[in-house]
Protein chains: 2
Amino acid sequence: MTRLLVVEDDQALRRALAITLRARHYEVDTVGDGAAALRAAAATAYDLVVMDLGLPDLDGVEVIQGIRGWSAVPVIVLSAREAQWQKVDALDAGADDYVTKPFGMDELLARVRAALRRAEPAEGNSAPIVETPAFVIDLAAKRAHKDGREVRLTPTEWHLVEALVRRPGVLVPSTQLLAEVWGPHYERETNYLRVFFAQIRRKLEPDPGRPRYFITEPGLGYRFEP
Amino acid sequence: MTRLLVVEDDQALRRALAITLRARHYEVDTVGDGAAALRAAAATAYDLVVMDLGLPDLDGVEVIQGIRGWSAVPVIVLSAREAQWQKVDALDAGADDYVTKPFGMDELLARVRAALRRAEPAEGNSAPIVETPAFVIDLAAKRAHKDGREVRLTPTEWHLVEALVRRPGVLVPSTQLLAEVWGPHYERETNYLRVFFAQIRRKLEPDPGRPRYFITEPGLGYRFEP
DNA sequence: TCCGAGCGTCAAGGACGCGTCAAGAACGGC
DNA sequence: GCCGTTCTTGACGCGTCCTTGACGCTCGGA
C-alpha cells in the first residue's frame, strides 16, 4: 500500500484531498500544521508528501528542509502563492514539484503518479528477493525463510533488514539506520541497533554468535554481506 | 558536466533557453522537432530533456513515450496548452514535470535543478573508489582491499585516509588533518598523526617502512600520491 | 663531532562501544 | 479488560580502539 501524508491547514481542502486520494486507493494521513507534519514524517515512512506552503506555525520551506534533513521522500508543494521566487525557494529547499492553487484534481493526481513512479525504481530496482546460502528474504512479500522454514520478523526487524539489504556490501552508518527506522531524533540510541541485530542474527544467521551476513563495523555502522 | 537536450520548434525561444542554460554551466544541445529529439536522445546520454509539447512533426506525448521506451532520463515538458487532460497525458506518458507557458526562467531553472537533484543518487556521480596498484579503497562502501584481501580500518583510520585521498596529490597540513579528524583543539597533537599513519601504512602500503602512497612532507604535512 | 628537532615504532592503560540478558512498558487483538 | 507480542530501557562483561609516554632513528646545523 502506498502511504501519503497530506499537510494542509484548510480543513475543507484537507478533507477533499484525503477523499480524492483515498478513492484512488492511496493510504492517506492528514495533518494541519508544520510541527505535526514533521512529527508524522518522522514517525512513519511515507511514500509521498503533499504539502501546503502556507501553514499556521512554520513556513513550508522550513518543513521541507526539516524532512530533507534525513529523508528523500518525494514532496509536492501546493500553494496559492504565484511569485516565482517562492516556487524557486521551495524547489531548491528540496521539493519535487510545485502546484499553484487553484489546481485541477486530475493534474494533482497525475503529478502524484509521476512523483511516485520516479521514486519507485530507486527503492525497488535491485531484486526484491535476496538469497544467501543460509536464508532467503522476499522484501516484496515480507517473508523470510531459513533452511526451508519460515521465519517471522517483527515490523522493526523488517525495517532494519530492508535498510541494510537494499545496499548489499555497503556500510550503512548507525546514525542513518536509526534515522531511517526510528526517525531523526533517535540517532544516539545505538543500543536499539545492538538489541535488534542480536535478534535478527538469532533468527537468520547460521551461527548467531559469529555473524556472517549482518556484519558490525565497530564505530562505523553495519553491513549486509551477500 | 551536466548535459541537457532542449527540444523546441520556436527558434527564438530555443535560443533563449540555450543561452540561459549555458550561462548556468550546463552543456546544451538543441533540436527543433520530435524526430531529431529521438535521434539525439538515442545518440547521447543526456542528464535531462526540456521539451516543448507542440512540435511540427510528432506529438510531444509520442516523443516522451519513445524516449521512455529505453531511457529513464528526466523530462520537463513546456507547453502553451492549459487544458488539464493534456498535462495528465504528458505526465502519465512519463514526463517528470509540466511547465505552462508563459513561464519564468527562474522557475524553470529551479525545476531543472530539482529534476537533476532527484536523478543524481541513481547515477552515482563522483567516483568514490580510489585505486592504486597496491590497494583499492571504496569510500562509499567503506571497504579497503589489498592484494585482493579485505583490510579492516578503524573509524579514525578511515577518517584520516578519506581526508587525504579526497585530494589526490595535494599536501594537507598537519594542523588541518588534526582539526578535521579530531577537532580544532587538537592541532598540536602531531604525534596522533605519526601513530595512525604508521598503522595505515602497515595495513595498506606494500612496504610500510618505505611509504609510496601516504607520504610525509617533513615539517609540513602529509600527501596521498596516487 | 655533537646536539636537537621531528619522525617512526612499540607497548601499556584506560575509555568506549558492542553483544547479551532480562524486566518493565506499550501496543494490538480478542 | 485481559493476554501475548513487540518495543524500550537498564545493567554487565568483554573486546577493540584510542590515548599516552618512552625510545631510537635520521638529518641538518653549530
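**Exercise 1. Find which strands of chain B each supply at least two residues of the lining of the largest cavity, then describe that cavity.**

Step 1. β8 (143-146) and β9 (149-151) of chain B each give at least two lining residues. The model is a predicted one.

Step 2. List the lining. Chain A provides A:Glu217, A:Leu220 and A:Arg223. From chain B come B:Lys142, B:Arg143, B:Ala144, B:Glu150, B:Val151, B:Arg152, B:Leu153 and B:Trp158.

Step 3. Sort by class. Five lining residues are nonpolar, six are charged and no polar residue takes part.

Step 4. Take the volume. The largest cavity holds about 50 Å³ of space. The count at 30 Å³ or more is one cavity.

**Exercise 2. Work out how much area chain A and chain B bury between them, and which residues of chain A lose the most.**

Step 1. Count contacts. 29 residues of chain A touch 29 residues of chain B.

Step 2. Take the area. The two chains bury about 2,400 Å² between them, with 44% of it on carbon and sulfur atoms.

**Exercise 3. Characterise the polar side of the interface of chain A and chain B, and the elements of chain A behind it.**

Step 1. Count salt bridges. The rule finds ten across the interface. One of them joins B:Asp96 to A:Arg118, with the closest N and O atoms 3.3 Å apart.

Step 2. Count polar contacts. There are 21 residue pairs between the chains, both residues at pLDDT 80 or more.

Step 3. Assign elements. On chain A, α4 (84-93), β5 (97-100) and α5 (105-124) each give two or more residues to the side touching chain B. α5(A) gives the most, with nine residues.

Step 4. Classify. That side of chain A has eleven nonpolar, five polar and 13 charged residues.

Terms used: Residues numbered from 1 in each chain as written. Chains lettered and ligands numbered in written order. Predicted model: local features only at pLDDT ≥ 70, side-chain atom pairs only at ≥ 80, totals over all residues. Heavy atoms only, no water. Contact = heavy atoms within 4.5 Å. Buried area = accessible area lost by both parts, 1.4 Å probe. Salt bridge = Lys/Arg side-chain N within 4 Å of Asp/Glu carboxyl O. Polar contact = N/O pair within 3.5 Å; in protein donor to acceptor, adjacent residues only side chain to side chain. Helix = DSSP H or I, 4+ residues; strand = E, 2+ residues; numbered from the N terminus. Nonpolar A, V, L, I, M, F, W, Y, C, P; charged D, E, K, R; others polar. 1 Å grid on protein atoms, 1.4 Å probe; cavity = no way out; pocket = protein on both sides within 12 Å on 5 of 7 lines; lining within 4 Å. Points joined across faces, edges and corners; volume = space filled by probe spheres on them.
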